[in-house]
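The sequence and the structure come before the details.

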Amino acid sequence: MRLKLFLFFVIVSLSAFGGALGTMIIPSYERMIKGALVVSDGTMIMLGLSSVFTHRNFYGVRLWLLFVFSAVLTIILTSDRFGMVEQLNGMRGLLFFFASLVVVYDLYMSDLRRQFVDLMTKFIIVYAIVQIPFAVYQFLKYGASDAVGGTFGLVGGSGMLSQILYIICFYLLVRYASLDDGSHFKIGKTMLFIPLLIPTMLNETKISFVLLPVFLLLIVAARRKIFRSIAILLMGAVIAFMLNYFYSETVQDTRNLLDQDYFEQYLLHVNPQSGEDLPRLQRLAIMFQMMGKDVGAITLGMGYGVMGGGSVMNVSRLGRRLYYLVTGSRILLFSVWIQGGLLAVLVVGATMFRFAWRRPHYPYVRRRFHLFLLFSLLLVWFYNEAMTERLFALLIWFFVVWLAGQTDEDEHSDVGDEQDDGAAEASPVVPQQ
């Protein structure tokens, strides 16, 4: 088990800092780093497989096996388009998605639980702090742009950085800035963690305009006396002002974000031949047009080889033909559906939201985190495909398993003002052993 713990943190570290190494620090070794990430994918999948029999009753294992079954059907259906290697390469992200959940669960349920949680929390703190100097450097060199991705690197990581920092900040508030009874957040300690959100002001990601108010609302709502949260609201106002300023200076006036024409252009552009990056929902519309009335394609997808390749392996023939459709700003709903069909969408969705089906008896502040985590994962389906990215998946599964595992070993007990939240449900996601 100690070897598994060691390998897990090697993979987490490579996933966390590989992007910066390959695009900023040692770009001449980028291809080698990408190869190491492919090896880490295979290692995580093997670690997950080694835990399948031990935890065969865990929902993550059962849904993983169901996904494999659906993927086999997809491979059979699309065998005339892609070879097995292309299919497996295209499946790496989703296989990592399932395997990492099983491995996190295995480590949490082992005798090394306390060590695992402590090490993971320390890693999360270091990771969040390191993002600040990286983001500031990227901002000073490239301006408020997608290049401000922290240690995700200079290409395509800005949105994920913002998403994961809000979740990390909330987790740390629950762990270190809540009252002993778990009923509220401590104002002073909360103010110490809010600066971790600085990178989200510098990368002009639209998702921050959604996450910030929800984040503040859930924190402030956990207090009996609203005036005591003025300091938090003021800090939030500063972040909102800076976010608005940099976005307006580098992209457009933020008042346009509320314009109906802008929404139509951003989400469902009417001219896919313009040469620009296709809007997110436009991709879905084109995908459904391509599938037509083909029940097999709708149910089982167009094959996992359609989006794989390009960095270590070559892009498939169909992938090259659909390059305009499968590259750029993809959403999780699109990427899972076009590859594995509706069946894969249902299995992946069930895995992501299984923790929300039954809510254990959390202290009040953990309920706030539970809600924020649920909200953030719902956004992923229509914003990007972060859950198939290594670090994002690893951290999310840690938060999910940690939350569920607190039911019978709570450090706090619920208090009065949670009664308006309704009675908590029984049966945690993670059974105690």
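A crossing is left-handed if the near helix is turned anticlockwise from the far one by less than a right angle, and right-handed if clockwise. The term is needed for the helix pairs described below.

## Overall make-up

The model is predicted. The protein chain contains 18 helices and zero strands. Of its 433 residues, 54% count as buried. Among contacts between residues at least 6 apart in sequence, 77% join residues at least 24 apart.

## Nonpolar core

The largest nonpolar core is made up of 131 residues. Phe8, Phe67, Phe215 and Phe399 have the most contacts inside this core.

For Phe399, residues up to four places away in sequence are left out of the count of neighbours. Beyond that range, Phe399 touches Ile124, Ile167, Ile168, Tyr171, Phe369 and Leu373.

## Helices H1 and H18

Helix H1 spans residues 2–25 and helix H18 spans residues 390–405. Their axes come within 8 Å and cross at roughly 130°, which makes H1 oblique to H18. The crossing of H1 and H18 is left-handed.

On the H1 side the contact involves Phe8, Ile11, Val12, Ser15 and Ala16. These meet Arg390, Leu391 and Leu394 in H18. By class, the contact of H1 with H18 comprises six nonpolar residues, one polar and one charged. Phe8, listed in this contact, is also one of the residues with the most contacts inside the largest nonpolar core.

## Helices H5 and H6

Helix H5 covers residues 113–142, and helix H6 covers residues 158–176. The axes of H5 and H6 come within 11 Å and cross at roughly 130°, so the two helices are oblique to each other. H5 passes H6 in a left-handed crossing.

H5 contributes Val117, Thr121, Ile124, Ile125, Tyr127, Ala128 and Gln131 to the contact. From H6 come Leu161, Ile164, Leu165, Ile168, Tyr171, Leu172, Arg175 and Tyr176. The residues of the contact of H5 with H6 divide into twelve nonpolar, two polar and one charged. Ile124, Ile168 and Tyr171, which take part in this contact, are among the residues that Phe399 touches.

## Two buried serines

Ser40 sits in helix H2, residues 30–52. Its relative accessible area is 5%, so Ser40 is buried. Apart from neighbours within four places in sequence, Ser40 is in contact with Ile11, Leu14, Phe96 and Arg390.

Ser158 belongs to helix H6. With a relative accessibility of 4%, Ser158 counts as buried. Leaving aside neighbours within four places in sequence, the contacts of Ser158 are Ser145, Asp146, Val148, Gly149, Asn203 and Thr205.

Phe355 lies in helix H16, residues 332–357. Phe355 is buried, at a relative accessible area of 2%. Phe355 and His370 are 15 residues apart in sequence, and their C-alpha atoms are 8.9 Å apart in space.

Met32 is part of helix H2. Met32 has a relative accessibility of 58% and so counts as exposed, the cut-off being over 50%. Ten residues separate Met32 from Gly22 in sequence, and the C-alpha to C-alpha distance between them is 8.6 Å.

How values were computed: Residues numbered from 1 in each chain as written. Predicted model: local features only at pLDDT ≥ 70, side-chain atom pairs only at ≥ 80, totals over all residues. Heavy atoms only, no water. Core = buried A, V, L, I, M, F, W, Y, C linked by side-chain atoms within 4.5 Å. Buried < 20%, exposed > 50% of the residue type's maximum accessible area, 1.4 Å probe, protein only. Contact = heavy atoms within 4.5 Å. Axes fitted to C-alpha atoms, helices over the stretch in contact; angles between N-to-C directions. Helix = DSSP H or I, 4+ residues; strand = E, 2+ residues; numbered from the N terminus. Parallel < 35°, antiparallel > 145°, perpendicular 65-115°, else oblique. Nonpolar A, V, L, I, M, F, W, Y, C, P; charged D, E, K, R; others polar.
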